[in-house]
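Dear colleague,

I am passing on to you the structure shown below, together with my notes on what was found in it. Please read the notes beside the coordinates.

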Amino acid sequence: MDTSFPKKRSRKRKPRDNTSPDRLPFFNEPSASLFPSKGELLRLIAVLAIAASVSTACHFIVRFLNRRPKPFCDSVDLVSPDPLYRQDFCEPCPTNAQCHDGKFECVRGYQKHGKICIEDGAINRRAKELSELLEQHICDAHARVLCGEAGNIWFHQSDVESILDEEIAKRFSLLNVDGFEYAKHKAMERVESSMETKDSINRTKEIKCPESLAELYKSASCLMRQWIYRNIKSLVLSSFLLPVALGILWRTHQRRVLCKRVEQLYNQVCDILEDKAANSSNGDKNGSEPWVVASWLRDHLLLPKERKNTMLWKKVEELIQEDSRIDQYPRIIRGETKVVFEWQADGTLSSKIKKLQAEKSKSGGNVSASSMHEEKKDRKPILGVKLFA
């Protein structure tokens, strides 16, 4: 028997559209509050930078506080010679220091200054003074030999050390033993570096002052003697030539002085004779005589010390004799024969000069002084070789 069941109709379902915006919410447009704004982003960056800086600073502070100083590498190489190992685990030993067990001690003559060793100034100054004293002693001895005196040139090292001991005992007795030995050692080093050295037969050093340095230690008397010996020929020649040259210069000077004085006296004689002639022609009773006694005129013009120089007035008389305007003749005065001078020229130069001066003062003056010079030009002699012929 057939049983019939009603057949259900099958519905055809529509395929879902997965691409529909309503079905996929994450494809929807995001809201405006999802991303930070520009100001919020800058504040975030600033906060991160500050946090990083604080973290870095704290890290370095912690490392600095927990850091331990590296020990110094021993002077005797007991550690690995690898320089990287030394750089990582120890510091190099400072110069002029001895290092042991990570610590360092400065050698003699040096002092600690932080992590370095510097020279001890007091001991080094004393060592320098000792070296200078020793140099002076050695170079003085060589200088005496160079001057022809008795002395020693080469000094054994033991002799030099004995000299140093004496100087230290006299001058630096307050130094301790270490300072004593170090100052002595440094002084010897300085002296050996500046002096000449050689090895003797006994295998000991000998020290000598260089000749160029010994020259500086010669005495003044020694230098004078050596200079005279080197220049003896020039000195002998100069001893003859110098007095001759001085004599020539002195005579030339005396002639110039005499020439100038003779000219001055001659002009004074001419002025006096002109005045006498002018007064006589004008009928002056006080000066009626136109002549002047030569001896009186000489004693009137010459100074007392010049009267002893007979050559002076003699040269003046020679100029008067050569002057055609002056007449010289004998005359009896008070029963004695005297030589007199008389002006013979017509018109006196003095009157002309006075006339020119008066015109100059009246006109306020442009009267040339050269005109007055020309008036006297004919009476001024040419002094030259003839005065001293």
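What is the helix and strand content over residues 234-250, and how many Å apart are the end C-alpha atoms? That segment is 100% helix and 0% strand, with its end C-alpha atoms 23 Å apart. Helices (H or I, at least four residues) and strands (E, at least two) are DSSP runs, numbered from the N terminus.

Before going further, please keep in mind that this is a predicted model, in which local features need pLDDT of at least 70 and side-chain atom pairs count only at pLDDT 80 or more, whereas totals for chains, interfaces and linings use all residues. Residues are numbered from 1 along each chain as its sequence is written, and side-chain values use heavy atoms, with hydrogens and water left out.

The segment in my question comes from the UniProt record, an unreviewed entry, whose annotation "transmembrane region" covers residues 41-62 as well as 234-250; positions are given in the numbering used here, feature names are shortened, and annotations may be inferred rather than shown by experiment. Over residues 41-62 the model is likewise 100% helix and 0% strand, and there the end C-alpha atoms are 32 Å apart.

As to the chain as a whole, its secondary structure comes to 12 helices and 10 strands. Of its 389 residues, 25% count as buried, where buried means under 20% relative accessible area, exposed over 50%, and partly exposed in between (1.4 Å probe, protein chains only). The accessible surface, from the Shrake-Rupley method with a 1.4 Å probe, comes to about 29,600 Å², and 55% of this belongs to carbon and sulfur atoms. If contact is taken as heavy atoms within 4.5 Å, then among contacts between residues at least 6 apart in sequence, 55% join residues at least 24 apart.

The cysteines deserve a separate paragraph. Cys93 is partly exposed at a relative accessible area of 24%, while Cys99, at 5%, counts as buried.

Cys106 and Cys117 form another, with sulfur atoms 2.1 Å apart, and here the torsion is about -90 degrees, so the link is left-handed. This pair links distant parts of the chain, Cys106 lying in strand S2 (residues 103-106) and Cys117 in strand S4 (residues 116-119), 11 residues apart. Both Cys106 and Cys117 are buried.

A further disulfide joins Cys147 to Cys222, with an S to S distance of 1.8 Å, and with -100 degrees about the S-S bond it is left-handed. Cys147 sits in the loop between helix H3 (121-146) and strand S5 (154-156), and Cys222 in helix H7 (residues 220-230), so that the pair, 75 residues apart, links distant parts of the chain. Cys147 counts as buried at 16% relative accessibility, and Cys222 is buried at 1%.

The loop between H3 and S5 also holds Gly151, which, leaving aside its neighbours within four places in sequence, is in contact with Ala141 and Val145. The C-alpha atoms of Gly151 and Asp140, 11 residues apart along the chain, are separated by 8.9 Å.

Key
A disulfide is a pair of cysteine sulfur atoms within 2.5 Å.
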